[in-house]
Each structure stands twice: as C-alpha cells, then as structure tokens.
Amino acid sequence: MHLIEREYQAQLNSRFDAVLINGAGEDETGGAGAAAAVALAGGRIVTSAPLGDAVKRIADIASRPLIVIDARSASDDDLARSLSRLDGLAAGRDLPMVVAIASEQIDVAAAGLMLSRHQILCDPAPSDWIGAIATAQGVSNLALHDRISENEAARLAKLNAEVARIADVLARLSKHEEQPLAGLVADARSDFAPEPGGEHPITAADIRQIVRARRLRDRYVGSGLFEDPAWDTMLDLYAAHLERAHVSVSSLCIAAAVAPTTALRWIARLTEAGLFERRPDPFDRRRAFMSLTERGLGAMRSYVSMARALGLPVV
C-alpha cells in the first residue's frame, strides 16, 4: 500500500516528461533501471517505444521530453540507423538524451550522436542512471553525492587554467619582453622554439613511454589512485597526431584508463572545452574518430617546448 501511495505521489510531483526507448524491437517500457531512475528524479514516462519507432513517437509529443534510451540489446546496424535520426530530432528540438550502451557499442553510439545534448552510459548501474537523468534535467534538489564528478570538474578547471597560463607565457616570450618572468625564467630570450629539423621537440615514441610509465604506478601502488583521464587522453591524441594515426572513441576510452562511462564524460568535457574534436569516419557511419583541435595541438606543443627548454620532464 505504501508503495502505491509513493508512486502516486511521484506522479503528482513530476517535474518533467520522459520518453523511454529500448533496443529490443518490442514496444515495452524497456529497462527497469531507466524507468525507476526517471521516477526517482521526479519525472514521468509519457510513452515508450522500440528503437525503430522512436522518431515518430517523439515527433507526436507536444512537450519537450527527456529521451531515455536503453540500446544495449540493439544491433549495430539498427543502432547506427536510429541514433543518427534521433540525434537530429533531439538537436532540432533541443531535447536532452541519456543513452545506455554496452561497452562494445561505444564507437557506433559516438558516431551516431554528433549534434544533440546527450550523455552516454556504458553498462550503467542504477546510480549511473539516476545521476545522468538528474544532470540532464538540471534537478538541483536530488540528493546526489558524486565525489568523482566534483573531482573531475576541479581537475578540468586546473587543466584549462594551466593551458591558459602556458599560452600567456609563450605570448610574452615571443614579444621579447625585457623584464624577466618572475618565478619562471631569468632570461626572456625566445629560445623555446621546437628543436631544429622537426616540428615537434618530442616524438610519438617518447609519449608512449610516458604513458607506460604512468601505467606502472597503478601496477606497483594500486589502481584507481592516480586517475587522470583528461591528461591521459590528451597524451594519446598527441601521440596519434605525431604518428598520423586515427583514434576511435573506444580506443580513446581505453587510453583514459578509467571506466568507459567516466572516459566518455571526460571526452565530452574536453570537446566542449575546445581541446578535442570528433569527426565521423567517411567510410563507415558506425565509427567516429577523435583528434586534438588546433587549440589542443597548440597547447601540447607549447607545454612540451616549455618543459624541454626548462629542463623539466614531460610527465
């Protein structure tokens, strides 16, 4: 009786509408975790649909619902075909999406979601559903204690600040300022250019060695203590740039050395920060490639040049 009363009260207090899409090809409500998370976040499911009918079902809804998709049972072809259409619809109507996938579907999902506001969850636990839905709807009074998210935001802010600081230092050096830079160098000569005979003062092999050294910490000290997915992914993309190699989204998630959902969240943040960019594979719609933007490349080149000029290790 109490359960029925709570469900009824949740419906009365609903703050948003949601559409629940599942990839099983059946017109059912989909995963219980997604439906429960919508209710806990204060929403109500106005309709549910299989993946293939999702666009038509959402187009018939006058409100601006949250689109919740559990695509873990969908085939790659169905997922690629449906996600690109849903992505365009959601972007056109500014509808947020939360998409749950299996880890082997990362590249297909990343290639299909290029325009909309979305979050991708890999094999989500109930808490992952609740956090993503609450974030998508901007639910401020939901009692979530996500210490990891707070730490990630702080690290990203520090990374952006460091990039800006290095860029400012190099700009001042290039102008041959007469005054020394306090606490940094005693001579403002412009001697921080890349090494002669090459564009970069570091090679891809050097960066791969740095990454190996970073992974050794986990082996000897313990995993999870030195997680730094932002820097690990930047190193991986810089090495790939030097190698003139393509990096898929799933490969970049592996390089991040964290859980796939966390890696995807960091990739999204660094993309929003203007350091990463995602490009569809022109030969395969089920895959997308990640690379550093010009701003990201400039930041990495500046950092490496400065570190080498000061005799510091690139870590």
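How many helices and strands are there in the chain? The predicted model contains twelve helices and eight strands, assigned as DSSP runs (H or I of at least four residues for helices, E of at least two for strands) and numbered from the N terminus. Residues are numbered from 1 along each chain as its sequence is written, and side-chain values use heavy atoms, with hydrogens and water left out. Because the model is predicted, local features require pLDDT of at least 70 and side-chain atom pairs count only at pLDDT 80 or more, whereas totals for chains, interfaces and linings use all residues.

Of the 315 residues in the chain, 44% are buried (under 20% relative accessible area, with a 1.4 Å probe and protein chains only). Among contacts (heavy atoms within 4.5 Å) between residues at least 6 apart in sequence, 66% join residues at least 24 apart.

Beyond its neighbours within four places in sequence, Val 249 contacts Ile 106, Asp 107, Ala 110, Leu 264, Ile 267, Arg 278, Ala 288 and Met 290.

Helix α9 (residues 229–243) packs against helix α8 (residues 204–221) at an angle of about 155°, their axes lying 8 Å apart; axes are lines fitted to C-alpha atoms, for helices over the stretch in contact, and angles run from 0 to 180 degrees between N-to-C directions. This angle makes α8 roughly antiparallel to α9 (over 145 degrees). Residues of α8 in this contact include Ile 207, Ile 210 and Val 211, while those of α9 include Trp 231, Leu 235 and Tyr 238. By class, the contact has ten nonpolar, no polar and six charged residues (nonpolar: Ala, Val, Leu, Ile, Met, Phe, Trp, Tyr, Cys and Pro; charged: Asp, Glu, Lys and Arg; polar: the others, Gly among them).

Helix α9 also packs against helix α12 (residues 294–309), at about 95° and with the axes 11 Å apart. The two helices are therefore roughly perpendicular to each other (65 to 115 degrees). Trp 231, Met 234, Leu 235, Tyr 238 and His 241 of α9 meet Gly 296, Leu 297, Met 300, Arg 301, Tyr 303 and Val 304 of α12. This contact has eight nonpolar, two polar and one charged residues.

Definitions and conventions:
Parallel < 35°, antiparallel > 145°, perpendicular 65-115°, else oblique. Buried < 20%, exposed > 50% of the residue type's maximum accessible area, 1.4 Å probe, protein only.
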